[in-house]
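Trainee: Can we go through this model together, starting with the charged pairs and then the pockets?

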Amino acid sequence: MDVILHVGAHRTGTKTLQDYLRRQAEPLAEARVGYWGPGRTRRGLLSGLVSTPQTAQEKDVSSQAEARVQLQLSAAQARGLKTLLVSDENTIGSVQENLRCGSLYPEIGARMSRCARAFAGHLSTVILCPRSLDYYWGSAIAYAVARGQAVPEREQLRSIANNPRSWRDVIADLAKALPEADIRVLPFERFSGRPDALVEAGTGIRAPSDTERGWLNRAPSLPELRRVLADRSGNGASLPFGMGRWNPFTPEETAALREAYADDMMWLVAGADGLATLTEDTTRTRAASSLPAGTQTKGHGNEHKERQMARPG
């Protein structure tokens with residue numbers, strides 16, 4: 001049984017994808033494909049794996065978590081599953097941690113090393129969905145402010161924009177922690193709002209068409225954020241006037257973040273030093289296939305080719 005681990009990142013349509021996989025559980029099961037999402041992984045299954053153990057007791061808890069996951073994997077395999085999709089963006093870190101450090105997933109390597117031990121013998125593929133850094137950080141900040149965090153100070157925003165760590169570093173850490181896994185990179189801009197296309201392109205599984213498409217957990221708009229702040233502290237006017245997405249960065253900072261993302265994409269197009277594969281949208285050729293929806297394609301690699309991507313503006 002192959003385990004395919006979708007690790008997010010946050011703010012890249014993860015809730016939309018997880019809702020789709022939950023709704024499509026029955027047709028996927030008919031194709032011998034299972035799904036574990038946050039409803040399962042965050043109810044004790046991965047406890048002890050997603051935090052760094054410091055004491056002997058915590059290390060023991062981590063070992064227990066590895067054994068617990070292996071037991072559940074054995075049970076899934078005994079039910080006849082050939083593929084297990086696991087989707088939980090919290091396996092690589094949290095929005096709060098990123099904002100506190102002003103950096104992208106600084107602990108991803110250690111976290112994924114622990115997950116590798118837990119999924120040992122099964123983990124074949126890891127899916128990462130990066131997003132243009134200005135949009136990623138803007139969405140993360142809006143999400144955090146709506147949930148009680150203070151509006152970042154100008155110095156904090158400047159520090160985030162000037163931090164040299166980018167998706168390339170995240171991918172390199174992933175590859176080091178999971179040297180045997182196939183790391184597939186599916187940019188958010190290519191697959192946003194299309195979870196069926198993401199599943200098909202990222203896994204090689206013929207995904208059921210999504211007839212109930214929605215976009216869950218969107219970042220709040222400026223008017224929504226002003227209302228939240230006004231209700232919370234009476235200081236809704238601390239945000240700029242506007243009706244759309246909040247961009248907390250200056251034009252110069254926005255340009256720097258976009259340039260860093262463009263460099264990441266060009267690196268991926270050039271082969272990512274052999275660490276990962278930039279994966280295209282295979283649904284455009286789906287009409288040419290006679291395979292019924294929900295069946296497994298032969299292997300993974302034949303369905304995935306590098307896409308020559310234009311430099312984002």
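Mentor: Let us begin with Asp182, which at 27% relative accessibility counts as partly exposed, where buried means under 20% relative accessible area, exposed over 50% and partly exposed in between, with a 1.4 Å probe and protein chains only. Bear in mind that this is a predicted model, in which local features need pLDDT of at least 70 and side-chain atom pairs pLDDT 80 or more, whereas totals for chains, interfaces and linings use all residues. Residues are numbered from 1 along each chain as its sequence is written, and side-chain values use heavy atoms, with hydrogens and water left out.

Trainee: Which residue forms a salt bridge with Asp182?

Mentor: That is Arg184, and the closest N and O atoms of the pair are 2.7 Å apart; a salt bridge here is a side-chain nitrogen of Lys or Arg within 4 Å of a carboxyl oxygen of Asp or Glu. Arg184 counts as buried, at 2% relative accessibility.

Trainee: And which residues do salt bridges with shared partners join into one network?

Mentor: Lys15, Arg42, Asp88 and Glu89 are joined in that way.

Trainee: OK, how many salt bridges does a search of the whole structure find?

Mentor: The search finds 14, and one of the pairs is Arg258 with Asp134, whose closest N and O atoms are 2.8 Å apart. It links distant parts of the chain, since Arg258 sits in helix H13 (residues 251–269) and Asp134 in helix H7, 124 residues apart; helices (H or I, at least four residues) and strands (E, at least two) are DSSP runs numbered from the N terminus.

Trainee: Is Asp134 buried or exposed?

Mentor: Asp134 is buried, with a relative accessible area of 0%, while Arg258 is partly exposed at 26%.

Trainee: What about Arg168, which residue does it pair with?

Mentor: Arg168 forms a salt bridge with Asp273, with 3.6 Å between the closest N and O atoms. Arg168 lies in helix H9 (residues 167–177) and Asp273 in the loop between H13 and strand S6 (277–278), so the pair ties together parts that are 105 residues apart in sequence. Arg168 is partly exposed at 37%, and Asp273 counts as exposed at 61%.

Trainee: Switching to pockets, what volume does the largest one have?

Mentor: About 570 Å³, a volume being the space filled by probe spheres set on grid points joined across faces, edges and corners. On a 1 Å grid over the protein atoms alone, with a 1.4 Å probe, a pocket is an open set of points with protein on both sides within 12 Å along at least five of seven lines, and lining residues have an atom within 4 Å of a point.

Trainee: Which residues lie nearest its centre?

Mentor: Of the 31 lining residues, Arg11, Arg131, Ser139, Asn217 and Ala219 lie nearest the centre of the largest pocket, and H7 gives the most to its lining, with 5 residues.

Trainee: And which residues line the second largest pocket?

Mentor: That pocket holds about 160 Å³ of space, and its lining consists of Gln18, Asp19, Arg22, Tyr35, Gly37, Pro38, Gly39 and Arg40. H1 and H3 are the elements that give two or more residues to that lining.

Trainee: How many residues of H1 are buried?

Mentor: Helix H1 (residues 14–23) is mostly covered, with 7 of its 10 residues buried, among them Gln18 and Asp19.
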